[in-house]
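Subject: Handover of a structure

Dear colleague,

Please find the structure below, together with its sequence. My account of what was found follows directly after it.

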Amino acid sequence: MTQPHATHVTSDTRDADGTPAGQDPQGTTPAHVPPADLRAALTAELGGAARAWLDQALEEAAGRPGTHGPISLWELRLAEAGRRCGGAHADAVRVLILHTARADTEALTRVYDQGTADERRAVLHALPHLVPGPDARPLVEDALRTNDTRLVAAAVGPYCARHLDAHAWRHAVLKCLFTGVALDRVADLARRARGDGELARMLGDYADERAAAGRPVPEDLHRVRALALAPAGSGSSTPSHTTDDPHGKES
């Protein structure tokens, strides 16, 4: 029987930004699914050979990290994940390996800097499970400077919502609009956008520029701008991020 979160991590058909087709983006990526649930889903979905490879890779990551030249064994397994377990499962597999290896910010940065785009995306998905503070913000900021929509979509996950300050977060929202990543991919969007007048101004300016150029304005821009124009705290008991402090505190 399929485990509860299996459909969150194992769709064979994905939209351009990596979301399983036809699904609500929130909660569908490995960044939103607890590692124990990722493991349960993969155990249910992988075939025998792939499951045995994953079990071995996780055992190596947990108990025998070792090295192979300058590279740890578990880092080598990240490169094999797609070939061994299939592209539909690769993100979840890589996040599990990173989590089991207890990769710290230094290791995550090394994997991000040296890895492929797929491995970089897995690092971004793993951040909320592994880095409690803002130390990995440079990785998110780097991904947001790219035009790779799958990296941008991974960058605006829960870690971004927790640790980017208001200025950087607003520009992350605009980056999604520039690159065609649906704003539903932005974690904690409603809470952070609500009552943010500066975000409303930026979205309005962007919409005006698009209209003046005869280009369509994304529909989700209007929805998020309406949130930003709403009074802070309306419709939610959770305070919005209206200051430049990542935790919403006045300086």
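Beyond its neighbours within four places in sequence, Thr179 is in contact with Asn147, Thr149 and Val152, where contact means heavy atoms within 4.5 Å. Thr179 belongs to helix H11, residues 166–179; helices (H or I, at least four residues) and strands (E, at least two) are DSSP runs, numbered from the N terminus. A polar atom of the Thr179 side chain lies 2.8 Å from the backbone oxygen of Lys175. With a relative accessible area of 19%, Thr179 is buried; buried means under 20% relative accessible area, exposed over 50% and partly exposed in between, with a 1.4 Å probe and protein chains only.

This is a predicted model, in which local features need pLDDT of at least 70, side-chain atom pairs count only at pLDDT 80 or more, and totals for chains, interfaces and linings use all residues. Residues are numbered from 1 along each chain as its sequence is written, and side-chain values use heavy atoms, with hydrogens and water left out.

As to the chain as a whole, its secondary structure comes to 14 helices and zero strands. Of its 251 residues, 50% count as buried. Among contacts with a separation of 6 or more, 69% are between residues 24 or more positions apart.

Helix H6 (residues 105–114) and helix H7 (residues 117–130) pack at an angle of about 165 degrees, their axes 9 Å apart. Here axes are lines fitted to C-alpha atoms over the stretch in contact, and angles run from 0 to 180 degrees between N-to-C directions. H6 is therefore roughly antiparallel to H7, a term for angles over 145 degrees. The contact involves Leu108, Val111, Tyr112 and Asp113 of H6, and Arg120, Val123, Leu124, Leu127 and Leu130 of H7. These residues divide into seven nonpolar, no polar and two charged; Ala, Val, Leu, Ile, Met, Phe, Trp, Tyr, Cys and Pro count as nonpolar, Asp, Glu, Lys and Arg as charged, and the others, Gly among them, as polar.

Finally, two backbone angles. Most residues other than glycine have a negative phi. Arg102, however, has a positive phi of about 55 degrees. Arg102 lies in the loop between helix H5 (87–100) and H6 and is exposed, at 57% relative accessible area. Asp188 also has a positive phi, near 60 degrees. Asp188 sits in the loop between H11 and helix H12 (189–193) and counts as partly exposed, at 31% relative accessibility.

Yours sincerely

Definitions and conventions: A polar contact is a pair of N or O atoms within 3.5 Å; within protein, one must be able to donate a hydrogen and the other to accept it, and residues adjacent in sequence count only if both atoms are side-chain atoms. Angles under 35 degrees count as roughly parallel, over 145 as roughly antiparallel, 65 to 115 as roughly perpendicular and the rest as oblique.
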